[in-house]
Amino acid sequence: MSAVMPHPALPLPAAATLLTRQGWAAVAAAVLILAVLVPIFNLAVPKDSLFHLSDYYVGLVGKIMCYAICALAMDLIWGYTGILSLGHGLFFALGGYAMGMYLMRQIGRDGNYQSDLPDFMVFLNWKTLPWHWTFSDSFLFQAAMVVLVPGLLAFVFGYFAFRSRIKGVYFSIITQALTFAAMLLFFRNETGFGGNNGFTDFKRLFGIPITTSHMRVTLFVITGLVLIGFFLMARAIVSSKTGRVLQAIRDAETRVMFSGYDPVAFKLAIWTLSAVMCGVAGALYVPQVGIINPSEMSPAAGIEMAIWAAVGGRATLIGPIVGAVFVNGAKSVFTVAFPEFWLYFLGALFIAVTLFLPDGIVGLVRRLMAARKGSQP
Amino acid sequence: MTTFVAGVLRGVAFAACLGWALAAQALTAEQAARIASGDNDERIAALDDAVARGDLQLAPFVQAILADEVKVAGGRAFIVRDGKAADPVTGAAAALPEGAEDVVNNNRVRRAMESALAGIKLFSPERALRAQAIAELKDQVDESRLGLLEKAEAAEPDAGLKAQLGVLKAAVLISSADRDKRLVAARALAGSSQPATRSLLLERLAANAETDPQVRTELQAALRSVDSRLAWGERLGVVFTGVSLGSILLLVALGLAITYGLMGVINMAHGELMMTGAYATYMVQNFFRQHLPGVFDAYILAAIPVSFLVSALVGAVLERGVIRWLYGRPLETLLATWGISLMLMQTVRTVFGAQNVPVENPSWLSGGVQVLPNLTLPFNRLAILAFTALVLLGVALLIARTRLGLFVRGVTQNRPMAACMGVNTARVDTYAFALGAGIAGLAGCALSQVGNVGPDLGQSYIVDSFMVVVLGGVGQLAGTVYAGLGLGVLNKFIEGYAGAVLAKIAVLVFIVVFIQKRPQGIFALKGRSAEA
């Protein structure tokens, strides 16, 4: 036997197409609904018409779409790579704060104290902007921060964590601790992020008033398109060779290592990307909701993102979006109708999904469809 | 008003101890009348005069004036209680003349009387009362009391109290107009170890309080020596609060060390099991208050087993109902137990309300023991320390010496092999989980004595306690002990320099960095089970 075995010609599976014809049709339909129909029904259809879509629902769905981006990011890292992060709330909030700083500067002299500085700084009796606010009046700079701050933090943290092979539950708990520490930091007044009140009372974006219907619909459409864009990107990643390696890492990391791949690089790449996606979601969330404060990075917020992905169905890309819509839709129904029972429902959801629905709603639908096909030969 | 009432109560107790017969120098009827009536300045002067002569019989009389029980008529004072008049000097019953007037005291007179009372108490035969008098006089000394203090110092048999009186005297003299007196006082103050002396010295050293350079040098030297003596108390105080926090963390993490460390179950509801224990303590407290008020102080002894059992029961139900279906899937366990924690919290909110509930320390746990002038160790924290040690000992014995402990260790090390040897692994899991939950209940019972009891009680500890377990290493109790105490002390030390929030952040960063170096914690399991 020769020392070196000849390389066997392994037939690689044919590259999967990004989406099927039906899939593309669905994407096109989604784009049509989000970017054309919603604006028409909200702005053009008269208010008393049956088909009028109220501002409340536009705002709600816009917010939920931001959450769906987070759920998608969570799915890439958890569903496909098997790393449960409880720290995505932090990346979401960091993106939100970066956008919030720009919006605070856009208030100009219209705040309660008619000062050039944001109200909370006047309140703290600060005379000049702190250093990290230097470029906050530039949208481009803050937009870069939306990507760079969560990305860099995730990269540095992930590099050290993955390099020393922290995995599984350890990683989850460490990310939760990181988020917790950041939350405590942002609660402090002297860090220059508005303490527990955070940023609010936004007036303008690009000099245009932020509370008008047109602005709301514009933000809604942008969020919708970003969500669809991220979905297609995620789809491209998971059906690529990289995506296969990620799933292999999820299923048997040591074996991937022994086959000559470096799991650290792959994990780090998807982890950073996922953090950036959350940052972008946060940046889109803040102008629509009108407030960002440290409670967005509480441990509870981070763990809730995991349940969006789990409810919809992990390792399916449509699942997290369905899950985010379902859980947050239920949340807005419950908190209005019976606020007492929301936590019971959420808690039961956590338990029920892990016990009975490991593949989430999408998995359930698939099973039902398969059963129907089976019964009708 | 309350201080006044307290003063009266103390005074009454004091009068009872002293009795009427201890008159060193008799109070004369004329004196009594001068104290009770006339111009305010004259009354205070008469009072100071009587105090300076150490009239012990003055005390009950001043007491009576403060309680508005003295009437004046025809140049004589009478103590009137329950409609019966008595002579203040002899105590004999006397007929109250017609048209007797109430003695009116303004605040200034009242203050003078109260400080006079404390001054008289300096000569009490009871050491405790004298110590109390010194403590009372600390805030209200001025040069008018100097003679009194000197007399008391000369008469004081107890060396400790004598020194305190010396400091008190120096505190008066330090602002004297006489330079030599100030010099002597500054030297005397150097021997003090009271925190109050330090602020006094700082006050004198402030910009234009003391102008004489020589006295200033003496004052600075005194401040240095007081500071160095106080520094020890402060250092020990930091160590003690650190160890105290560490013992609480340890108690909280001990249950986790069993469920997570030994069984590999991530129990995010651990904090809520603590909360359950704290609410069980609250219920026991209420039961004792309503049905057994006589032995209310003992409620905590009953609460300990009750909180253990309630939490253990909840834990057993959770294990049987939810967690056992998720063994081997730690991430799902994490999410499911988080769901459980949400439901437990909401249940408590529904039943007890979202507000914190009051849990009272039993009287023998309130207060503390004063080790140094600026270091008091609260009894409840000491009790928690001892309690933690007991629980730790109990758990260690249970794991190392009992049959259940043997089974738990066996199942931890090799589940299939243990099952093959006839161990009912499912039952061992339930017991072990219930044990971990029960210890969480004990932690909740302990926490109810030092902190707020509310629905969010568990949330504030869950991150910390996981940090302890992660740092300590999985599968070891020893690691948990070192990590818990170490983190507690570290936290408090950084807190001294950087404040509470930054300390917490620094500790979290430290743990993240530490895990880089030793991913398995302080104590790593060796052998095959390590990579499982």
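Buried means under 20% relative accessible area and exposed over 50%, with partly exposed in between, using a 1.4 Å probe and protein chains only. Colleagues, this is a predicted model, in which local features need pLDDT of at least 70 and side-chain atom pairs count only at pLDDT 80 or more, while totals for chains, interfaces and linings use all residues. Residues are numbered from 1 along each chain as its sequence is written, chains are lettered from A, and side-chain values use heavy atoms, with hydrogens and water left out.

I begin with the cysteines. Cys70(A) counts as buried because its relative accessibility is 0%, whereas Cys420(B), at 64%, counts as exposed. Taking a disulfide as a pair of cysteine sulfur atoms within 2.5 Å, the count over all chains is zero. For Cys70(A), the nearest cysteine sulfur belongs to Cys278(A), 3.8 Å away.

Next, the interior. A nonpolar core is a set of buried Ala, Val, Leu, Ile, Met, Phe, Trp, Tyr and Cys residues joined through side-chain atoms within 4.5 Å. The largest has 201 residues, and Trp78(A), Phe199(A) and Leu334(B) are among those with the most contacts inside it. Helix α2 of chain A, residues 55-79, gives the most to this core, with 14 residues; helices are DSSP runs of H or I, at least four residues long, numbered from the N terminus. Apart from this core lies another, of 57 residues, including Met113(B) and Ile174(B).

Finally, which helices of chain B do the buried residues of α13(B) pack against? They are α12 (270-291), α14 (330-352) and α18 (425-447). Among the buried residues of α13(B) are Tyr299(B), Gly315(B) and Glu319(B).

How values were computed. Helices (H or I, at least four residues) and strands (E, at least two) are DSSP runs, numbered from the N terminus. Contact means heavy atoms within 4.5 Å.
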